[in-house]
Amino acid sequence: MKNRLIPIIAALACTSAAGQVSHTLYYMESVPQTNILNPARQPRANKYISVPGANAYVAASTNLRPLDFFQKDGDKWLTPLNNGFDYDDLYDNYKKRLAIDANVNIGILNFGWRTSDGNYWTFSLSERVSADAALPADLLKIGDRGLPSGTVLDFATLGISAMAYSELAASYSYAFDDQWTFGVRAKILAGSAAAKMRNSKFSIRTGEDKWHVETDLEILTSFPLETTGCIKEDGTVEFDSVDVREFDEDRDLIKHLIPSLKNPGFGIDLGATYKFNDNIRFSASVTDLGFISWGRDVSRFKSDGDFDFHGINYNLDNPEHNDDFQNAVDDAVDSVLTNCQVTLNHSRFATGLRPSVYLGAEYTPVYFLNLGFLSHTKFHPTHRVNQDFNISATLNPYKFPASATFGYTINTLGLSSASFGLAVRMGVLQFYAMTDYIPAKYNVYKTTDGDEIPAPHNISNVNVSVGLNLLFGSKGYRDRPMTQTSSIITE
């Protein structure tokens, strides 16, 4: 039996979508967090306070569907680990890389109020974690063909960017006139930990007697690593000796990873809304423009050059190697790390945030109903752009203590799904929950080994936003709920 791709690739494809909050929230003016996506948009509530620690956003995404890693064979499903799996289809969908990203945003504090002249202030404190990874398509060659002599593997698209940081932000929405509203949010950032890979060249050519590796890459970290004993006599790094610094207690490590002003950063969000007439509005925003400069516990591992070393002895056609494929891949990675000459320094580095661009248009046939279109473009540090289009119908009644939005999201990768959001008010307390991607169909994949794997049929994007707010003056204004208060008749 021919060995196939390592299980982690298929598992990663089953994780599933991508920002700070769900874009389903964009037109829900009854939920104050709508301001996060566009600082010009003013919440309906005259004042609000989010319940500390009770607001969260969690998301993950890939550029492949679980369906791409399963192929029907009679009453069974083949995975890349099974003999007979057709890699050509997977190559077509995989393109140059498998891209994965994950985001977590926990709101610690968030409050805001409308001023007497119809403008709006908000302040917030949140903890954020974001991670992006790109796995090169040539990883599939190992599972498909093994590592025979003459194999060339190009890992130049291999990349990672991850960071955890705190964000203190203040925004101001200014009603310029009856048509235009402008908004800006300034953010002071303090980093906790980070890892980043810069990869210009990384290739491996296998041979009968030796392997040839070419590298021009750098791994940058801001993390308490113990590197003092890992330097060899020639000045290069012995990777096996690099480890996490020892702390007397786990709490000491946690204390060490709290945000630090030695890792400072700055960010900015910009937004605008334009009222074309009483029924039609347009809006646009750019969020998460900024960077963090890392200076605490910085390590920069760099490899730049050509290296030859003895490879590993592994043959896909040898029955004795059938159960050793994972070990063979591990041996190959260890051999590369051991033989490539890596240098180390401790100079500062910077990481950028993950910018998003929102373009919206809404039509209000009656005061409690918004029909909206939204384009959301997100830029990832692993050289990937994720594009979503969403159409929605949002019910924002003024006296009824609930509001909801129903929508449909289309991704440029050809994936689509329903979206939904709900906000319920009980006195001054409001609960909201929403998601941009709702899988309509699930499959239970039964492999040739008898394992059953449940997974969404055609979705690789999933996110969830939930939270609790205290609203004051939550009914707002019936005819123009997001503009200045002068000359407006309230309910």
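Visitor: Hi! Which residues touch the most other members in the largest nonpolar core?

Guide: Of its 14 residues, those are F69, F85, Y87, L90, L98 and L140. A nonpolar core here is a set of buried Ala, Val, Leu, Ile, Met, Phe, Trp, Tyr and Cys residues joined through side-chain atoms within 4.5 Å. Buried means under 20% relative accessible area, exposed means over 50%, and partly exposed is in between, with a 1.4 Å probe and protein chains only.

Visitor: Which elements give two or more residues to this core?

Guide: They are β4 (76-78), α3 (87-94) and β5 (97-114). Of these, α3 gives the most, with 3 residues. Helices (H or I, at least four residues) and strands (E, at least two) are DSSP runs, numbered from the N terminus.

Visitor: What should I know about the model itself?

Guide: This is a predicted model, where local features need pLDDT of at least 70 and side-chain atom pairs count only at pLDDT 80 or more, while totals for chains, interfaces and linings use all residues. Residues are numbered from 1 along each chain as its sequence is written, and side-chain values use heavy atoms, with hydrogens and water left out.

Visitor: Okay, new topic. How many aromatic pairs does the structure hold?

Guide: There are 16. Rings of Phe, Tyr and Trp (its six-membered ring) pair if their centres lie within 6.5 Å; planes under 30 degrees apart count as stacked, over 60 as edge-to-face and the rest as tilted. W121 and F123, for instance, are stacked, at 6.1 Å centre to centre with 5° between the planes.

Visitor: Why does the pair of W121 and Y172 count as tilted?

Guide: Because the planes of W121 and Y172 are at 40°, with the ring centres 4.5 Å apart. The pair links distant parts of the chain: W121 is in strand β6 (residues 120-136) and Y172 in strand β8 (residues 159-175), 51 residues apart.

Visitor: Are W121 and Y172 buried or partly exposed?

Guide: W121 is partly exposed, at a relative accessible area of 31%, and Y172 is partly exposed too, at 25%.

Visitor: Last one: where does S149 lie?

Guide: S149 is in the loop between α4 (139-145) and β7 (152-154). S149 is partly exposed, because its relative accessibility is 44%.

Visitor: And what is S149 in contact with, leaving aside its neighbours in sequence?

Guide: Beyond four places in sequence, S149 is in contact (heavy atoms within 4.5 Å) with T206, G207 and E208.
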